[in-house]
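Student: I have a structure to go through. Can we talk it over in short steps?
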Amino acid sequence: MTTGQKTTIEFNDGIVRQFMLAAVLWGVVGMLVGVLIATQLNFWQANFQTAWLSFGRLRPLHTNAVIFAFVGNMMFAGVYYSTQRLLKARLASDFLSQLHFWGWQLIIVSAAVTLPLGLTRGKEYAELIWPINIAVAVIWVVFAANFFWTLARRNEKSLYVAIWFYIATIITVTMLYVVNHLSIPTSLLHSYPVFGGVQDGLVQWWYGHNAVAFFLTTPILGIMYYFLPKAAERPVYSYRLSVIHFWSLVFLYIWAGPHHLLNTALPNWLQLLGMTFSLMLWAPSWGGMLNGLLTLRGGWDKLRTDPVIKFFAAGVTFYGMATFEGPLLSIKSVNALAHYTDWIIGHVHAGALGWNGFMAAGMFYWLVPRLWNKPLHSQSLANLHFWIGTFGILLYVAAMWVSGINQGLMLNATAEGGTILKYPNFLETLNAIRPLMLLRVVGGTLYLSGFLLMAYNIWRSISGAKAVNGTMEVYIEPRTSGENLGVGGTILNAPVVFSALGLLAACVWLFTTGWLNILGLFGTVMCVLLAIGHFQSRGTAWGEWYDKLLINALPFTVLCFLAVAVGGMIQIIPMLTIERRLQTEDRVAEVYTPLELAGRDIYVREGCYLCHSQMIRTLVPDVMRYGDYSRLGESIWDHPYQWGSRRTGPDLARVGGKYNHAWHFDHMQNPRNISTGSNMPSYVWLRENNTDYAALSSKIRVQRMLGVPFPSWSPAMIDTLAREQAKQIASELRAQGGYTEPDKEIIALISYLQSLGKKWQPTAPAGAAAP
């Protein structure tokens, strides 16, 4: 193509249509499963005594379908549509686009098959088995290659703000996904994560929190910065605010993961770090929300008639609400009340359905007339969708707020001057919130009904319509060598230097004591003051450098990666480099027997961690209810860790020996026989399935590779040890009035449950000699 030539580009909007329709389809599936599992929490019969329809197996399907299938497909549609127009370039490769689409759908189908079958890694939002994880990584690289190849071929020199958020999404999700999914396979369908215990918990929530940040937030913010001004026909309210919003958000977000583990055995410095940075997130999050809402200035009259503006305005408002609530929940005292309760569920759904869902609906309604060159079938149906969806999500979130606060207060309530629990029976708290849990089903059903209205409206709109691709006439401008920033121009400039020095001084302040702590505080304050002074006197130079940075995609990407990587390294590397045996506090766990390991894998397979925690917090009511608080060393050999994030049932960290074998046997067969009013499913299939003894040799071999100190048993010895323990438990069970064959899975699960909280050895305090 000749330099300086005008040309007309036809965009690849076919791929946008494919991803958009896939998002609608998977959105319906994900929300339908969500309504089903919410129903199961109210009516245990809805589990149908069927393994692949039980709550523990369907809940991961729901979360993965909503996050990766619905929001993922919606994100790809929005990114591909806006990127082509912002860069004034067709997507670089039609082949890569199609490979991306079909590869992603195959991954979703694979997840929809494997998760109900109990094939899981046992980590929230990271349940997919290792072959699927490799496929996810490959397809994500395909997406990245297509995006950055298009970026290199762009005909618009400067990068618009939406592109910044897309770049941050691609590089950060790559980093997060790869690190958290590092595993060693034991078979074609099973693996153990390379991290265990507190290391696994820290890495998991570094990933889990930032998957929300960089998969559900930053790409949708990029979509907001493109589609909201287009729909409102107004420019973005403040370009300077968007700069501050972007860089502060991508830097601060990555540090906040530890707030998911407050009041646990996680080292206090990490808890403080997570809480501090979470509170700092209030500023950039609300800066982005205000920038979005104020973009509608002068266009609020459209709110009365245009459903697109309605959805965008409500979506951005929900973003503001969720990002106010998140830092609030990261305050230790608030977290002590809210964690493990429905308040967290309400918070998550305000973001997923209010922010992601409404932004998706607004984008779909805006895209349909442009992608099919036909007006939307019914504006009235779109408006009805908005009001039904809004009422549904508000009912859902309000019910979860009241439910969570009520249950948190009941679980923490004491009597007799704080010497006894006011509600010692966990089921008392569960039965108290049942009406609110039922309201969640109603709210979710209403939201799903609105989404189905949208699906019908879109189907009627595109029926008989001819798909069209957008076009644009562009001028190919010459690129001059003086525009290249280079390494020196990227790093050796005032904004980067002041940021780096300020971060270094802040780390010295946060992580040291004595005179170094004072020196770090002084250095932090001086860096901030000097940066402000330099900006006041040389602000034009800062602006010129940033304008030049936006012309150079590679330096911009490198700085973005450094901004997100530094927080993860400072949090995680210390915990990974310290010898695990030094992270035990005053006790260290003994390794599981072969049968207990088999039982633990059954526990993970059935999703028990989704309703039961194994972490007694350092809170008086927790200790009074469940026993001595948990120590780091008690989960040191756990791959994956099982601390949990929700208590629909009691904590199990010290359940070993609390009940006899017959109690567990009857409880798994029919929980209502043991605990009147329980909503736990019946696990009748555990009495029918045989324990997979043959897999134990490979599993223990991998555990040894991961540093778990199993003896050097031969495969025959492993099989013998497992069968002998199974026979012993079955014999004791028969003496207690129950009977099943020793080789059944229920026996292996009982062996694991009876080991919890009992298998550990004391260790010498730091600095003391071992006895």
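What follows is a short chat about the fold and one residue.

Tutor: This is a predicted model, in which local features need pLDDT of at least 70, side-chain atom pairs count only at pLDDT 80 or more, and totals for chains, interfaces and linings use all residues. Residues are numbered from 1 along each chain as its sequence is written, and side-chain values use heavy atoms, with hydrogens and water left out.

Student: How many helices and strands does the protein chain have?

Tutor: There are 27 helices and eight strands in the protein chain. They are DSSP runs numbered from the N terminus, helices (H or I) having at least four residues and strands (E) at least two.

Student: And what does the C-alpha trace span along its principal axes?

Tutor: About 90 × 70 × 55 Å.

Student: How much of the chain is buried?

Tutor: Of its 771 residues, 61% count as buried, meaning under 20% relative accessible area with a 1.4 Å probe and protein chains only.

Student: Switching to Arg600. Where is it?

Tutor: Arg600 sits in helix H21, which covers residues 594–605.

Student: Buried or exposed?

Tutor: Arg600 counts as buried because its relative accessibility is 2%.

Student: Which residues is it in contact with?

Tutor: Setting aside neighbours within four places in sequence, Arg600 is in contact with Tyr592, Asp638, His639, Pro640, Tyr641, Gln642 and Tyr752. Contact means heavy atoms within 4.5 Å.

Student: What about contacts over the whole chain, how many are between residues 24 or more positions apart?

Tutor: Such pairs make up 83% of the protein chain's contacts with a separation of 6 or more.

Note on methods:
Buried means under 20% relative accessible area, exposed over 50%, partly exposed in between (1.4 Å probe, protein chains only).
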